[in-house]
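Welcome to a short tour of one protein chain. Have the sequence and the 3D view open as you read.

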Amino acid sequence: MNAASTTITSTENSTEPGAQPSTHPADSHDLIRVHGARENNLQDVDLQIPKRRLTVFTGVSGSGKSSLVFATIAAESQRMINETYSAFVQGMMPSLSRPDVDLLEGLTTAIVVDQERLGANPRSTLGTVTDTNALLRLLFSRLGTPSAGPAVAYSFNIPARKASGVMTSATGEKQIVREAVYHGGMCPRCEGRGTVSDIDLGELVDEDKSLNEGAITVPGYKAGGWSVRFFTESGYLDGDKKVRDYTETERHDFLYRDATKRKIGGANLTYEGLVPQVRRSMLAKDRDALQPHLRAFVDRAVTFITCPDCGGTRLAQAALASKIRGINIADACAMQIGDLAQWVRELDEPSVAPLLGNLQNLLDKFTEIGLGYLSLDRPSGTLSGGEAQRTKLISHLGSALTDITYVFDEPTIGLHPHDIQRMNDLLLQLRDKGNTVLVVEHKPETIAIADHVVDLGPGAGSAGGTICFEGTVDELRAGDTLTGRHLEDRATLKESARTATGALEIRGASTHNLQGVDVDVPLGVLCVVTGVAGSGKSSLIHGSLAGRDGVVVVDQSAIKGSRRSNPATYTGLLEPVRKAFAKANGVKPALFSANSEGACPTCNGAGVVYTQLGFMDTVATTCEECEGKRFQAAVLEYHLGGKDIAEVLAMSVAEAEEFFSAGEARTPAAHKILARLADVGLGYLKIGQPLTTLSGGERQRLKLATYLAEDGGVFVLDEPTAGLHLADVANLLALLDRLVESGKSVVVIEHHQAVMAHADWIIDLGPGAGHDGGRVVFEGTPADLVAGAVAGETTLTGEHLARYVGNP
């Protein structure tokens, strides 16, 4: 290869004055090359992505953006890094399979900043997940008076302990220890959770029944099942005796007995009462991490109150008594981060100057990234997807690493138009440090700052997976792709808004940062609640409307499922389909479930066989027995309307909707569910497609379709445009209109200007975030909000909405 073939055009000169542009061969590696990508729905995609540039990937939801960026480029980078570790270390790491791609070149270390919620551990807070609490604990251990001890004495995750006995040193020397103290800051009563629970026994036990009759009403405790036999075969209780007839001793053994070794069912097991079992299996976990039916049970059976000993601070009294200038560590964590940064800035202690500098720098990053309105004691499980994503970004701001590939999944989710510019600045800052930034995004404001745009499509699912466009933003606008046509879309205000038929009153709302808010939420219309991030929107609606009779809340929580889960199982569609097959063929419904009796015995209904190769990649191959159909051959002999169960699960929603609408296969229950899936724009989705292959936008709409089946007069939707392409938003607005016209009331928490413009009524909170927000700054129609902006008398929302509809 001659020198000319490796020379690239460079606009950057050497650091030495007068030096010529570099022609070093290493400078030619300025592209990430993808050849033959076929992950999920990608159709042999070939692509070249410029390094050290900001590239935005667009396309309708389900077009293959995440499959290309996350499941191919980022996944292969992480897999190759894992291969650099020793075989011993690799054996303890998750095994990552190679993406379905012919060739990847020019990869650099990938850091994925996705929308996954932070861990919902009950002791996990914003301060603990960002290591800010570690610096604060160190600060109070040095300056707090009276001192509680070393840094661990201020940690609510570590209990204080005392021990006595014989201690043996590494040299074998023995020493008798009496009352050795191990410091910790955990409140002993609530064990660092900040709340204590009280259980309603009436929700656990039906006293008019015996254990064999189903007296235990806790989910999972079925009469005749092992969980109930555990009690009846323990020797403590009579399974046929009604609970209300128990003696005091029997009642104690049944409900409260501590762990005791017993022979149960011929095995030596540890017996404990029902209440300790429930506390350990359900209450020890964060409520938000529980499955929906368990969460509903906990809400019914358990009352959580603030711990009376620590006042909800989670800390022991010694840690609470230690203060710096009248502030203890709990007070510091409860401050708004912007205020805490100011308090730290005012501390002038030369002895801990480096510590103060590091803490100040970390707190300033929160403000820089738009999270200055939060407090460090905020439970991590309560952060929205957008807040969680920005929290993960904090550790990368100011990092000394360069030439990294940062991969973002819709970083503007949860951001008001006013806040998007700040996020854009952060993305550009990462790029300007010499990093490659790949962003999956739908918002025009972020697409506009891209150096390079890749548009996938043209449709979703099997109709997508190809590159429709590559180039600059200006070229995209001039192009004829779906994204290009919608990039300059501007909504028009309604000529006339619907009239409310009533109102839900909210009085004196004070959850989180709300400042005694009084507001009427209109019924019978489309009402949009908006405001800058942290202004109190979710606090107002979730804190004051959720839980009322007839109110159905569709929140931002991600739907979860394994490879065995699919739209048919998640929505309940499979149940009427199985029954229809069973009725038509005179057999059991269980035969038509790949997770039950009908499963292929070779792959156990998975459709693929996994071969474990130690520390090497686990190999997944299509099952030769069922050829990936997941069912036994005998089951596929049964037909409904000329189709077997595997052929039905391979249908798209639109095909299945037509199939179950008439003829021999007519099944009204199945058709009703499929109609809802088509209503939310998922007509192209295969009903047997694993949930693990669905995009974020598809999962959001799948969840929405499921909630639409619930009985309720008021639907509350939390950012339903998350993950939706510009073209998909119009379909969502049509769905919301149909809901309202059917007699429902719809309340939407949203930042998207197209949804605001389409509303009948807007409630705007602000004017700022945190303690600068929490007030209603506007109530009225979108037209009134825009008119106020034109007159110079409006809010930040009004200014951006006026600009969006063409009234700058």
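Which residues of helix α8 (residues 292–301) are buried?

## One side of a helix

L294, F297, V298 and A301 are the buried ones in α8, where buried means under 20% relative accessible area, exposed over 50%, and partly exposed in between (1.4 Å probe, protein chains only). They sit on the same side of α8 because they cover an arc of only 100° around the axis, the arc being that of the directions from the helix axis to the C-beta atoms. An α-helix has 3.6 residues a turn, so residues three or four places apart point the same way.

The buried residues of α8 pack against β8 (195–199), α7 (274–283) and β11 (302–306); contact means heavy atoms within 4.5 Å. Helices (H or I, at least four residues) and strands (E, at least two) are DSSP runs, numbered from the N terminus.

## How the model was read

This is a predicted model, in which local features need pLDDT of at least 70 and side-chain atom pairs count only at pLDDT 80 or more, while totals for chains, interfaces and linings use all residues. Residues are numbered from 1 along each chain as its sequence is written, and side-chain values use heavy atoms, with hydrogens and water left out.

## A histidine and its partners

Now look at H800, in helix α28 (residues 796–804). H800 is buried, at a relative accessible area of 16%. Beyond its neighbours within four places in sequence, H800 touches H416, P417, H418 and Q753. H800 and P417 are 383 residues apart along the chain, yet their C-alpha atoms are separated by 6.8 Å.

## An exposed methionine

M92 belongs to the loop between α2 (87–91) and β4 (101–105), and M92 is exposed, with a relative accessible area of 60%.
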